Amino acid sequence: MTNLEKYDSAFTETFGIERGQLAGLKYQDIEAWDSVGHMSLTAALEEAFDIMMETDDIIDLSSYEAGMKILAEKYNVEF
Amino acid sequence: MWNFDAFGNNVAIIDDSGTRLTYSQLKHETEAIAEAAGKRCLVFVLCSDTIGSVMGYAAFMNAGIVPLMLSRHIEPGLLSPLMDAYRPKYMWLPSDMARGDEVFSARGYSLVRTSFTEECPLHPDLALLLTTSGSTGSPKFVRQSYTNILDNAKSIAEYLRLDETERPISTLPMNYTYGLSIINSHFLVGATLLLTEKAMTQKEFWQFFREAGATSFGGVPYTYEMLDRMRFQRMSLPSLRTMTQAGGKITPELHRKFAEYARDSGKNFIVMYGQCEASPRMGYLPADKAIEKAGSMGIAIPGGKFRLIGEDGREIQAPHVTGELEYTGKNVAMGYAECGDDLSKGDEWGGVLRTGDMAQFDEDGYFYVVGRKKRFLKVYGNRVNLDELDRLIKGKFPVECASAGEDDRVHIFITAGANPDDVRNFAATTTKLNPKAFTVITLDEIPKSESGKTLFTELAKYWRKTE
């Protein structure tokens with residue numbers, strides 16, 4: 001699985017949505033992405049990439065695109 | 001209820017858009033809302049963490065108008081049967097949701113006259129109606145009196161030593177009894193409410209927290225699990241003085257962890273115990289006992305009294321013996337309402353509440369909740385009535401159903417005939433809780449005793465196995 005595929009499945013599996021819904025997806029756009037969903041998403045990303053995210057990065061993760069930027073810049077995940 | 005005049009120039013509310021409102025402005029604007037609503041009547045309030053929402057609530061409470069509090073996110077399909085059951089004269093709701101006969105609006109909220117012509121008579125002591133069940137649309141509400149609310153707010157202000165320098169930040173919905181008690185107790189002392197719709201998992205929340213200098217917040221057990229996973233302890237929050245916890249039992253490990261964090265950073269961590277039926281606060285663990293008594297929900301609040309009732313109906317006198325927790329105090333609500341006709345009823349509980357929680361006390365008189373008598377779970381601080389959930393699922397899908405589990409982890413057992421994902425999504429939608437809280441397991445049959453009772457002990461092995 002590529003990093004992008006791993007990244008995408010963290011979202012689709014956590015929120016029960018399709019890949020086609022990911023572009024532009026933001027916090028609270030869908031009911032499943034509330035604070036409970038947010039922590040599950042963080043846990044899924046940490047597991048998928050074997051990382052520990054910093055507090056600031058967890059609260060910065062406000063959209064599908066923002067998360068990708070954080071992982072690329074702070075955790076050396078190449079997409 | 002509150003004397004806003006006493007705090008004239010104090011700031012009453014600040015929201016995350018920077019709007020500030022003094023107590024004299026609050027008095028002025030709430031009076032205008034009350035005047036538009038006219039004489040004592042019932043109003044459905046669709047709540048959010050915004051100035052308009054808080055102001056409407058304060059206006060109604062101060063003017064003897066009875067609010068029934070719901071989330072602004074309630075499903076329309078659940079709202080209309082409630083309207084039919086209680087026949088409110090008005091709705092106070094976000095202006096962008098307002099339809100029909102809008103008679104007044106302020107701060108993004110509107111007062112809308114409903115089409116009901118015959119109102120239900122209201123008992124003179126009745127102040128407020130709150131739901132016990134989150135958002136399942138159950139018509140059961142707790143009837144709280146003015147004395148209940150005022151007495152409890154005073155008691156809270158006393159044991160938390162609240163004063164006008166406090167700045168609690170909104171972390172709990174105001175249609176939720178715990179969230180509302182924070183508003184009630186802080187208005188009493190002239191403090192400043194900080195309102196935001198952002199969640200603790202969002203950067204904007206913490207920006208507002210720091211800019212506005214929040215001094216306290218409340219959280220349910222899940223809130224503290226979440227903060228722990230976010231490594232909250234590493235954040236620099238110099239303005240923070242007090243963290244309170246209620247809405248279910250926190251694990252002793254997490255209790256100790258936050259108590260130690262509080263001790264090391266010069267803050268207070270206060271575990272509390274309450275129920276909507278007690279308007280809501282009944283117990284608290286003083287901050288200086290947080291480490292020594294971690295796992296305990298503490299002692300009765302000022303003016304209240306706990307005792308334990310054994311199976312034989314007698315009061316338990318010895319420590320470490322389990323009995324049902326009973327609370328006595330002026331904040332015990334008047335009773336329940338299931339429909340509009342119940343609103344004329346007086347006090348049915350006489351200041352005594354059987355909590356349904358099984359508890360023990362230790363040698364020093366500190367109480368520990370050890371179990372629950374009734375069939376419900378607390379999920380993210382919300383009570384989920386399992387029998388009601390089963391009934392809703394059976395009404396929607398052609399299956400047998402029994403739900404069980406632990407707090408924050410509901411296990412729904414069904415027989416074949418429905419897609420487990422559909423059942424899970426249905427449970428999440430009707431309870432307005434994140435689907436993560438629900439696990440659906442399909443069984444050949446629901447295990448039952450010879451007399452037809454569900455064998456929950458048989459089911460327990462399933463959720464213990466998935467841990």
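1. Read along the sequence, chain A follows the pattern α-α-α-α, that is, four helices and zero strands. Helices (H or I, at least four residues) and strands (E, at least two) are DSSP runs, numbered from the N terminus. The radius of gyration of chain A is 11 Å, close to the 12 Å that the globule rule gives for 79 residues, so chain A is as compact as a globular protein of that length. The radius is taken over C-alpha atoms, and the globule rule is 2.2 Å times the number of residues to the power 0.38.

2. The model is predicted: local features need pLDDT of at least 70 and side-chain atom pairs count only at pLDDT 80 or more, while totals for chains, interfaces and linings use all residues. Residues are numbered from 1 along each chain as its sequence is written, and chains are lettered from A and ligands numbered from 1 in the order in which they are written.

3. The C-alpha atoms of chain A fill a box of roughly 30 × 25 × 20 Å along the principal axes. Of its 79 residues, 30% are buried (20 or more other C-beta atoms within 10 Å of the residue's own, with C-beta atoms placed from the backbone; exposed means 12 or fewer, partly exposed in between). Among contacts in chain A with a separation of 6 or more, 48% join residues 24 or more positions apart; a contact means C-beta atoms, placed from the backbone, within 7 Å.

4. Between the chains, the contact takes 17 residues from chain B and 15 residues from chain A. On the chain B side, α6 (203-212) and α7 (221-229) are the elements that give two or more residues. The residues of that side divide into nine nonpolar, three polar and five charged. Here Ala, Val, Leu, Ile, Met, Phe, Trp, Tyr, Cys and Pro count as nonpolar, Asp, Glu, Lys and Arg as charged, and the others, Gly among them, as polar.

5. Helix α7(B) deserves a separate look. Its buried residues are Pro221(B), Tyr222(B), Thr223(B), Tyr224(B), Met226(B) and Leu227(B). Their cover includes α2 (35-49) of chain A, together with β11 (216-219), β12 (242-245) and α8 (252-265) of chain B. Arg231(B), which follows α7(B), has a positive phi, near 55°.

6. Helix α4 (residues 146-159) of chain B has 14 residues and reaches 20 Å from its first C-alpha to its last, close to the 20 Å expected at 1.5 Å a residue; the expected span is 1.5 Å times one less than the number of residues. Its buried residues include Asn148(B), Ile149(B), Asp151(B) and Tyr159(B). Among the elements covering the buried residues of α4(B) are β8 (126-131) and α5 (177-188) of chain B. Just after α4(B), Arg161(B) takes a positive phi of about 50°.

7. Chain B also has an open sheet of four strands in the order β16-β17-β19-β20, with antiparallel pairing; strands pair if DSSP finds at least two bridges between them. β16 (305-309) and β20 (367-372) stand at the edges, each with a single partner strand, so one side of each is left without a neighbour in the sheet. The twist averages 50° from one strand to the next, using axes fitted to C-alpha atoms and angles from 0 to 180 degrees between N-to-C directions.

8. Five bridges join β16(B) to β17 (residues 323-328), and Lys305(B) has Thr328(B) as its bridge partner. Five bridges also join β17(B) to β19 (residues 352-361), where Tyr327(B) is partnered by Leu353(B). β19(B) and β20(B) pair over five bridges, with Arg372(B) as the partner of Asp357(B). These two strands form a hairpin with five residues between them, and Gly365(B) in the turn has a positive phi of about 85°.

Notes. Two residues are in contact if their C-beta atoms, placed from the backbone, lie within 7 Å.
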